[in-house]
Each structure stands twice: as C-alpha cells, then as structure tokens.
Amino acid sequence: MNIARVGQDGPLYKQIAHTLRSEIEEKLQPGETIETEAELEQRFSVSRITVRRAIDELVHQGLLVRRQGSGTFVAQRKVTQELGVLHSWTERMRELGLEPHTVDCEMLQVVPPAWVAEALQIDLNAPENVLRIQRLRYADEEPISLMVDYLRLRFSPDIAEKGLEGESLYETLEKRYGLDLARVSDKVTARRATHFEASLLGVEPGAPVLFVTRVTYLPNDEPVVAATVVSRADRYEYRVSGLPRKHDLHADY
C-alpha cells in the first residue's frame, strides 16, 4: 500500500496507525486479530520498529490490546458516559450493541457513612437512615461497573419492599414517587481496584478503575441520592460535553 494515500502528514508510524485505525473501525470486530508485525512490515514496506510504533500508538489509544504469545487484538470498545448528564445506562449499552443486565442487587437500610451524611446534608443531631443499594452492572455477560447508591428513605419509604422499576433507580423515583430530579454533581478520579472490587469486576487486584462520586438533587437543591460507581478503566470512559438536560434524567444509574 502507498502510505501517501492516507492523506495525512507526519511520521510514517502515525500514517500507518491512521490507516489501521480506519480499517479496524470499518472492518474488524472486538476480539479479532490484526495482521502480524511481519505482514504489516511487508505490506507497508517499512521497518519492524515503525510497525511496532504504529501498533503502540493504537494500543495507547485503547483500540488494540497485545496478548503475550497470542497476538494483537481489536480491543473491546469502551462505554462512554457523560459526566453531569444522566443517560439511560441500559439504552447506552444497547446503542453500543451490548446486552445489559444487573446482578447481585442488594438493598440494606444503614446508618450513612460520614461522607454520605455530609453529601446528603443529613443533620448529625437528628440522623436518619438511608437505603444502601448495591448493583453489579453487566454488558454482554461481562461485568463493567459496580454501583452503590445511598437513598434517603423519607423520599421513598417502601422502595426496598417494592423494588426498582426496570432496574432503574431514577425512573423509580420519578414515576413511582413523583420526585423531580433536577441536577447531578459528579466527581471522577482514577485509582486501583481493591480485592473486593476486582473479584466482582473480573479484573486483577490493583487493575486501573474509574471511581465516581455522584449526588443527585431536587429543584430546591435538596440532595436525594449519593452514589459511588467503580468502573473498569479498560471498558469505560467519561467525558464532559455540556450542561445536563431534564430529559436526560431518566437513567437506570
């Protein structure tokens, strides 16, 4: 192949990476192998070092993964979630061609941890119990996120008995209890998975994860839910692209 046809200036390895990226996005599915380094070297008439730099570029971008002794594979596409905007988790999975479901939904009435009491503006002189809801979210039989919500029970006192509608906490709060969820505040950090998180998410202890704390508010700025979300960094990413819209709040987060 004549690399000049790529239509892009810059080092050869970047031009090759650009060509391979286009071919991967158009022709290959996650899990499929790409050509070997020797085949790419011959195809593009470049050195092995140039081929490896091109592949390194795509690995760094998260498009390819190397498996020792097996080859280089197209990576599973990441789930993209917007911070500050509550999209439907289930619908987002299906948009990506993934089949979503939830396992191990646990509900327990607890005394809120200190950070939850602060986030929910609970009066320490008159503490109130909250409902802790833990859910492990799957896409195509693969666990990708562990969600833990702390819900003020005075807004939905019988939710533990009745359960969630369609696995969606926010839909349940709006439709069953008539709550007007107005806005959300997110904070995201990167860290390593604990042994407990790793065992649920199917990764090695210490693997990179994205950790989000989220608080959801009513129109009068009264907090309703405080949550943490631990997501696999190899399968999930967050982005910011504007202010939340009311119709985005029907999310099964």
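This is a guided tour of one predicted model, stop by stop.

**Before starting**

Local features in this predicted model need pLDDT of at least 70, side-chain atom pairs count only at pLDDT 80 or more, and totals for chains, interfaces and linings use all residues. Residues are numbered from 1 along each chain as its sequence is written, and side-chain values use heavy atoms, with hydrogens and water left out.

**Whole chain**

Colour the protein chain by secondary structure: there are 8 helices and 10 strands. Helices (H or I, at least four residues) and strands (E, at least two) are DSSP runs, numbered from the N terminus. Of the 253 residues, 46% count as buried; buried means under 20% relative accessible area, exposed over 50%, and partly exposed in between (1.4 Å probe, protein chains only). Among contacts with a separation of 6 or more, 61% are between residues 24 or more positions apart, where contact means heavy atoms within 4.5 Å.

**Stop 1: the largest nonpolar core**

Select Ile24, Ile34, Leu40, Leu58 and Leu64. Of the 17 residues in the largest nonpolar core, these touch the most other members. Such a core is a set of buried Ala, Val, Leu, Ile, Met, Phe, Trp, Tyr and Cys residues joined through side-chain atoms within 4.5 Å. Helix 1 (12-27), helix 2 (37-44) and helix 3 (48-60) each supply at least two residues of this core. The largest share, 5 residues, comes from helix 1.

Now centre on Leu40. Not counting residues up to four places away in sequence, Leu40 touches Leu20, Ile34, Glu35, Val51 and Ile55. A second, separate core has 16 residues, including Leu164, Tyr177, Leu181 and Leu218.

**Stop 2: helix 3 and its two partners**

Show helix 2 with helix 3. They pack at an angle of about 110°, with their axes 9 Å apart. Axes are lines fitted to C-alpha atoms, for helices over the stretch in contact, and angles run from 0 to 180 degrees between N-to-C directions. The angle makes helix 2 roughly perpendicular to helix 3; angles under 35 degrees count as roughly parallel, over 145 as roughly antiparallel, 65 to 115 as roughly perpendicular and the rest as oblique. On the helix 2 side the contact is made by Glu37, Ala38, Leu40 and Glu41, and on the helix 3 side by Arg48, Val51, Arg52 and Ile55.

Helix 1 and helix 3 pack at about 55°, with axes 8 Å apart, which makes helix 1 oblique to helix 3. Helix 1 contributes Leu12, Tyr13, Lys14, Ile16, Ala17, Leu20, Arg21 and Ile24 to the contact, and helix 3 contributes Thr50, Arg53, Ala54, Glu57 and Leu58.

**Stop 3**

Two strands pair if DSSP finds at least two bridges between them.

Strand 4 and strand 5 pair in the antiparallel sense over 9 bridges, and Gln109 has Leu131 in strand 5 as a bridge partner. Strand 5 (residues 130-139) is mostly covered, with 9 of its 10 residues buried.

Continue to strand 6, joined to strand 5 by 10 bridges in an antiparallel run. Here Gln134 stands opposite Val148 in strand 6. The hairpin of these strands has 2 residues between them, and Asp140 takes a positive phi near 50°.

Arg192 stands opposite Pro208 in strand 8.

**Stop 3: Arg152 and Glu222**

Select Arg152, in strand 6 (residues 142-152). Arg152 is buried, with a relative accessible area of 5%. Leaving aside neighbours within four places in sequence, Arg152 is in contact with Leu120, Ile122, Glu128, Val130, Glu222, Pro223 and Val224.

Move to Glu222, in the loop between strand 8 and strand 9 (223-232). With neighbours within four places in sequence left aside, the contacts of Glu222 are Arg152, Arg154, Phe155, Thr216 and Tyr217.
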